[in-house]
Amino acid sequence: MLISAIAYLKSQNKEWRNVAVYGQEINSLTSAIGRMNLFLHGIKDFSVNDDTLSAPAFIENGQLRKFDLVLANPPYSISQWNRAAFESDKYGRNFLGVPPQGRADYAFIQHIIASLKLDTGRCAILLPHGVLFRNEEKTIRQKLIQSDIIKHLIGLAPNLFYNSPMESCIMICRTNKNSERRGRILFINAVNETERRNAQSYLEDSHIQKIALAYQKYKNEDGFSKIVTIDEIAKNDFLLSIPLYVKNVTNVEDKKVNSILQFYEDWLSASDKMRSEYENFNTILESR
């Protein structure tokens, strides 16, 4: 993502040599590959191999370093994270609340928002669709909505990413919205923007262009995009489920597939939770 951001600047004939990029990745192999790619592309980077939630790498004067732009694809709904430490986070990254142990998504979201500059800060986060409607995170989601930092929500088709067969979404935030866009969120329902080949889904250039155009226009488009006020979202119990606001034509077969995938995600989450509790139980028994 960092390389793509620099490549975009190059393609637009904009200054890129003085742009500094920072990255933190817990997986050592992924981190090493990322740093190597940046080096090969002639990009000066400050990349760190460490845990973002327990050991944020970029600190200035005892506070989180602030950035103009953050691009992130956090791990989906992990249960193995130090929730107890996050409850008393010394960097104040729990300003919206502490997420449940079984789903750390809103811990990453809060880390990212806390890392944005107040005047120019923007972020784009790829997330599991569940963050938009799961009841266990309702209070945190409500505070996030009321903070009026969310600018766009883009719903994507299932099976686009190897780490999850479920539908994903892109949450785009800005710390300083334009006055005419305050109190509003643009929803884009791009669930049908996909090409199936060899049992895999792909975003073609035409799909990306359609999504980008809707993003730039910031207008209502039947069956694809809609501007929704925070007051309207409040009336819907602070649910951000994209089909709730943008009705999209989906055939019956697709609905069946999505239902099966939803069932699979719920089962996987329950299995992870059971495994974690079983390991904790064994640890308690061994300590006695």
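1. Buried residues of H4. In this predicted model, the buried residues of helix H4 are Asp105, Tyr106, Ala107, Phe108, Ile109, Gln110, His111, Ile112, Ile113 and Ala114. That is 10 of the 10 residues of H4, so the helix is largely enclosed by the rest of the structure. A residue counts as buried when its relative accessible area is under 20%.

2. Surroundings of H4. What do the buried residues of H4 pack against? Their partners are strand E4 (63–64), E5, H3, strand E6 (122–128), H5 and strand E8 (168–174).

3. Geometry of H4 and H5. Two packed helices are described by the angle between their axes and the distance between the axes. For helix H4 (residues 105–114) and helix H5 (residues 138–146), the axes come within 11 Å and cross at roughly 25°. Angles under 35 degrees count as roughly parallel, and H4 and H5 are therefore roughly parallel to each other. Their crossing is left-handed.

4. Residues at the H4 and H5 contact. On the H4 side, Tyr106, Ile109 and Ile113 take part, and they meet Ile140, Arg141 and Leu144 of H5. By class, this contact has five nonpolar residues, no polar residues and one charged residue. As background to the spacing along each helix, an α-helix has 3.6 residues a turn, so residues three or four places apart point the same way.

5. Val131. This residue is placed in the loop between E6 and H5. Is Val131 buried or exposed? Val131 is buried, with a relative accessible area of 0%. Leaving aside neighbours within four places in sequence, Val131 is in contact with Asp105, Tyr106, Glu137, Arg141 and Cys169. Val131 and Cys169 are 38 residues apart along the chain, and their C-alpha atoms are separated by 9.0 Å.

6. Gln80. The loop between strand E5 (69–72) and helix H3 (83–87) contains Gln80. Gln80 is exposed, its relative accessible area being 56%. From Gln80 to Arg103 the separation is 23 residues in sequence and 8.9 Å in space, C-alpha to C-alpha.

7. Positive phi values. Most residues other than glycine have a negative phi. Asn13 has a phi near 55°, a positive value in a residue other than glycine. Asn13 lies in the loop between helix H1 (2–11) and strand E1 (21–25), and it is exposed, with a relative accessible area of 74%. Asp237, which is not a glycine either, has a positive phi of about 60°. The position of Asp237 is in the loop between helix H7 (230–235) and helix H8 (242–245). With a relative accessible area of 40%, Asp237 is partly exposed.

8. The chain as a whole. How many helices and strands does the chain have? It has nine helices and 12 strands. Of its 288 residues, 39% count as buried. The accessible surface comes to about 16,600 Å², and 52% of that belongs to carbon and sulfur atoms. Among contacts between residues at least 6 apart in sequence, 67% join residues at least 24 apart.

Conventions: Residues are numbered from 1 along each chain as its sequence is written. This is a predicted model: local features need pLDDT of at least 70, side-chain atom pairs count only at pLDDT 80 or more; totals for chains, interfaces and linings use all residues. Side-chain values use heavy atoms; hydrogens and water are left out. Helices (H or I, at least four residues) and strands (E, at least two) are DSSP runs, numbered from the N terminus. Buried means under 20% relative accessible area, exposed over 50%, partly exposed in between (1.4 Å probe, protein chains only). Contact means heavy atoms within 4.5 Å. Accessible areas come from the Shrake-Rupley method with a 1.4 Å probe; for residues, only the protein chains shown count as cover. Axes are lines fitted to C-alpha atoms, for helices over the stretch in contact, and angles run from 0 to 180 degrees between N-to-C directions. Angles under 35 degrees count as roughly parallel, over 145 as roughly antiparallel, 65 to 115 as roughly perpendicular and the rest as oblique. A crossing is left-handed if the near helix is turned anticlockwise from the far one by less than a right angle, and right-handed if clockwise. Ala, Val, Leu, Ile, Met, Phe, Trp, Tyr, Cys and Pro count as nonpolar, Asp, Glu, Lys and Arg as charged, and the others, Gly among them, as polar.
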